[in-house]
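Reader: I've got a model open on my screen and I'd like to learn how to read it. Could you walk me through some features, general idea first and then the case at hand?

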Amino acid sequence: MNKKERFEAVRQCQAPDYMPVWPRVMSQMLYSHGYLLPDVTGADWYDADKVTEAVLASIKEVDYDVAIPTYVDYGFGVPPLGGNIMIPEKFGLAAGTTEDQPVKSKDDWPRVQKLMAQYDVTKTDPRMAGCLEVIKNVSAELGDQMPLVPMYYVGTTAAMFLFRPNEAFLEDTYDDPDGVSEMCDLATEWAINWIGAQYEAGCNSVCFTAETMGTLMLSPKMCIQFNLPCITKLVEAVRKNHGQATWLHVHGDMTTPKAYEYLELLVKEAGVEGFHFDEYNPPDWIKTEVIDKLGVPACIITDGADIVKGPPEAIDAQVKDQVSKIGDGLGVMMAPSCQVLPATPQENFKAWVDATHQHGKYPLA
């Protein structure tokens, strides 16, 4: 099987030749290639040539199966709206937002709404334009071989990154829920346009979106109130506009009854095709309660800190143990929680992928 066929088998809950790996690689691909973030991006520029080089090297050296075909972070779209972003000078998770966000008070919201109405996701932010150029480059080289997925956030996560300082936004969920819903709706519309631009640039597979608040920072009830409608809207738009399904990355322990209710609604109401969880959800539970019971594929999760720590022998043993807990393994992929961490040595990253491919041969032992 090639990588597209392998991923398609998982999507259909059929047996691939071996278990594919879907790493969410962000800044690690840059650091492992010898770049720091200021080498490839600033607040108003993005070096598409260097990022293309790092993306292709990451895919070819590690040989994982599904890729976000560019470097993405939490600061896309923010500077043109009037916010500042932070770019770590030496080492950090990724470029991200600061407390100097566009909407510091309600008085700022009408101005930001006007800016959003004029926003062209292909041109307004030079960083996003550079990101699209990388997708074009990677697609031209690997698009016939590999699933290339567009990526952005949705609902509360998108609104918090684009508009409002973190603590203030979380307070708003209690003090101004109507205002939060309005921000979530607008951020999701923006996300739909940005994902569409990534498809036009060369992404060729399912949409990967993230709702990182999950049940870590919001209650399941709030997730249903603020996030479920936005996820539903995005899933429908991706299906209608691009003929593709959507996978969701969600944080938090989904095994509790109320969180599981939210999970069921994401499948039955929003139409999410598959899930990328975090380390709070064990592989046997994911297999029985999500894949088998809800009828959708999902990723089992290796804690990213364990991949950083290594050594390769320990990574191999952990992967072997995880694979032993998923029965027939149909509908299963391997992923990190929640990304391949920036400090991950390339040797350990590859050891994790290789171990999954080796111990995940079908039929599973």
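**Reading the backbone, the core and the helix packing**

Author: Let's start with D63, which is partly exposed, with a relative accessible area of 33%. Keep in mind throughout that this is a predicted model.

Reader: Where does D63 lie, and what is its phi?

Author: Here's the general idea: most residues other than glycine have a negative phi, and most peptide bonds are trans. In this model, D63 has a positive phi near 70°, and D63 sits in the loop between α4 (48-62) and β3 (85-86). C13 is another non-glycine residue with a positive phi, about 55°. You'll find C13 in the loop between α1 (3-11) and α2 (28-31), partly exposed at a relative accessible area of 25%.

Reader: While we're on cysteines, how many disulfides does the structure have?

Author: First the idea: a disulfide is a covalent bond between the sulfur atoms of two cysteines. Searching the whole structure turns up zero disulfides. Take C207: it is in no disulfide, and the nearest cysteine sulfur, from C203, is 9.1 Å away. For a pair to count, the sulfurs must be within 2.5 Å. C207 counts as buried, at 0% relative accessibility. C338 is in no disulfide either, with the nearest cysteine sulfur, that of C299, 12 Å away.

Reader: Is C338 buried or exposed?

Author: C338 counts as buried because its relative accessibility is 18% and the cut-off for buried is under 20%.

Reader: Next, the core. Which residues have the most contacts inside the largest nonpolar core?

Author: As a rule, in soluble globular proteins, nonpolar side chains tend to be buried together. Here the largest nonpolar core has 132 residues, and F163 and F275 are the ones with the most contacts inside it. Helix α9 (residues 177-201) supplies the largest share of this core, twelve residues. Leaving aside neighbours within four places in sequence, its contacts include L81, P102, V103, W109 and M116, along with M183, L186 and A187.

Reader: Since α9 came up, how do α7 and α9 cross?

Author: For a helix pair, look at how close the axes come and at what angle. The axes of α7 (residues 155-162) and α9 come within 8 Å and cross at roughly 90°, so the two helices are roughly perpendicular to each other. On the α7 side, G155, T156, A158, A159 and L162 take part, meeting M183, C184, A187, T188 and W190 of α9. By class, the residues of this contact are seven nonpolar, three polar and no charged.

Reader: How do the axes of α8 and α9 cross?

Author: The axes of α8 (residues 166-175) and α9 come within 6 Å and cross at roughly 125°. Angles from 65 to 115 degrees count as roughly perpendicular and those over 145 as roughly antiparallel, so α8 and α9 are oblique to each other. The α8 residues involved are F169, D172, T173, Y174 and D175, and from α9 come P177, V180, M183 and C184. The contact of α8 with α9 has six nonpolar, one polar and two charged residues.

Reader: Is R6 buried or exposed?

Author: R6 is buried, with a relative accessible area of 3%, and its place is in helix α1. Apart from neighbours within four places in sequence, R6 is in contact with M1, P16, D17, Y18, P20 and D65.

Definitions and conventions: Residues are numbered from 1 along each chain as its sequence is written. This is a predicted model: local features need pLDDT of at least 70, side-chain atom pairs count only at pLDDT 80 or more; totals for chains, interfaces and linings use all residues. Side-chain values use heavy atoms; hydrogens and water are left out. Helices (H or I, at least four residues) and strands (E, at least two) are DSSP runs, numbered from the N terminus. Buried means under 20% relative accessible area, exposed over 50%, partly exposed in between (1.4 Å probe, protein chains only). A nonpolar core is a set of buried Ala, Val, Leu, Ile, Met, Phe, Trp, Tyr and Cys residues joined through side-chain atoms within 4.5 Å. Contact means heavy atoms within 4.5 Å. Axes are lines fitted to C-alpha atoms, for helices over the stretch in contact, and angles run from 0 to 180 degrees between N-to-C directions. Angles under 35 degrees count as roughly parallel, over 145 as roughly antiparallel, 65 to 115 as roughly perpendicular and the rest as oblique. Ala, Val, Leu, Ile, Met, Phe, Trp, Tyr, Cys and Pro count as nonpolar, Asp, Glu, Lys and Arg as charged, and the others, Gly among them, as polar.
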